[in-house]
Amino acid sequence: MLGPDQPVIIHMLDIEAAADSLNGVKMELIDAALPLLKGVVATTDVVEACSGVEIAVMVGGFHRKEGMERKDVMSKNVSIYKAYASALDQHATPHCKVLVVANPANTSVLILKEFAHSIPEKNITCLTRLDQNRALGQISEKLKEEFVARVQQRGATIIKARKMSSALSAASAACDHMRDWLLGTPKVCMSFLSFLFFWFSSL
Ligand SMILES: NC(=O)c1ccc[n+]([C@@H]2O[C@H](COP(=O)([O-])OP(=O)(O)OC[C@H]3O[C@@H](n4cnc5c(N)ncnc54)[C@H](O)[C@@H]3O)[C@@H](O)[C@H]2O)c1
Ligand SMILES: O=C(O)C[C@H](O)C(=O)O
């Protein structure tokens, strides 16, 4: 997440009922002898957890179970996030970057922003990237299934209809090719570009 050379000290927070299991996680992290792991704090004290942190990934809270909506965990998690906000406000570094994961993530993050005034608004975010990644995965699946085959077979489909190769569309594509080559193309989103690159390179 932070690159191959960044040493880290991890602070882990959980509730009292989960203290033993949290301690077990700490022992396992130590046993893994990870070279970049310079310290582990396992605590049930939100102030200790937030003290001096530069990155806060906030997953603590209730998860929804089958049949529940995300809003069903709202009242429980929103009150948890008020407490987190004050602790981060007073004890995290002022440049701390916050990622709220716990649901409803967009509401929890709003609470955090309202109650953690010392952290710049631009440093307080919530996890929607999972949906972006899911969308890319789904489009990529769809492309693999239908799109590539349809593009590959389009020439044959036109020959079947016209009894000749494509003409107007081929001329138009030649114009597009020369124009983009000579005049350049507008800027496009990098993630889309790299996605296309991946797609072409896997053909
Ligand atoms: N935004 C997203 O894309 C996304 C994706 C996955 C999960 N989630 C959400 O992340 C949250 C965590 O999911 P999970 O599957 O890890 O749940 P989980 O139940 O496995 O783990 C939650 C942990 O939070 C702890 N906890 C409960 N109350 C706490 C409190 N007051 N302070 C600190 N810790 C507390 C629990 O003891 C438990 O260890 C859920 O709200 C879930 O809906 C969001
Ligand atoms: O849907 C959930 O409750 C968890 C998470 O937000 C997800 O989308 O998987």
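1. In which strand is Val 40 found? Val 40 is found in strand β2, where strands (E, at least two residues) and helices (H or I, at least four) are DSSP runs numbered from the N terminus. Val 40 is buried, because its relative accessible area is 14% and buried means under 20%, exposed means over 50%, and partly exposed means in between, with a 1.4 Å probe and protein chains only.

2. A word on what is being read here. This is a predicted model, in which local features need pLDDT of at least 70 and side-chain atom pairs count only at pLDDT 80 or more, while totals for chains, interfaces and linings use all residues. Residues are numbered from 1 along each chain as its sequence is written, chains are lettered from A and ligands numbered from 1 in the order in which they are written, and side-chain values use heavy atoms, with hydrogens and water left out.

3. To return to Val 40, its contacts (heavy atoms within 4.5 Å) include Ile 10, Met 12, Lys 26 and Leu 29, when residues up to four places away in sequence are not counted. The C-alpha atom of Val 40 is separated by 18 Å from that of Asp 5, which is 35 residues apart from Val 40 along the chain.

4. Among the contacts with a separation of 6 or more, 71% are between residues 24 or more positions apart.

5. On overall dimensions, the radius of gyration of the protein is 25 Å, whereas a compact globule of 203 residues would have one near 17 Å; the radius is taken over C-alpha atoms, and the globule rule is 2.2 Å times the number of residues to the power 0.38. The C-alpha trace spans about 75 × 45 × 40 Å along its principal axes.

6. As for the surface, 20% of the 203 residues count as buried. The protein exposes about 14800 Å², of which carbon and sulfur atoms supply 61%, with areas taken from the Shrake-Rupley method with a 1.4 Å probe.

7. The UniProt record, in an unreviewed entry, lists residues 10-124 as "domain: Lactate/malate dehydrogenase N-terminal", and such annotations may be inferred rather than shown by experiment. Over residues 10-124 the chain is 41% helix and 17% strand, and the end C-alpha atoms are 19 Å apart.

8. Some backbone details deserve a second look, given that most residues other than glycine have a negative phi, and most peptide bonds are trans. A cis peptide bond, with omega about -10°, joins Asn 103 and Pro 104, and Pro 104 is found in the loop between β4 (97-100) and α4 (105-115).

9. Ala 33 is not a glycine, yet it has a positive phi of about 45°; its place is in the loop between α1 (19-31) and β2 (37-43), and it counts as exposed at 60% relative accessibility. Lys 163, also not a glycine, has a positive phi of about 65°, lies in the loop between α5 (129-162) and α6 (168-183), and is exposed, with a relative accessible area of 67%.

10. Finally, Glu 69 lies in the loop between β3 (55-58) and α3 (74-91) and is partly exposed, with a relative accessible area of 46%. The C-alpha atoms of Glu 69 and Asp 176, which are 107 residues apart along the chain, are separated by 48 Å.
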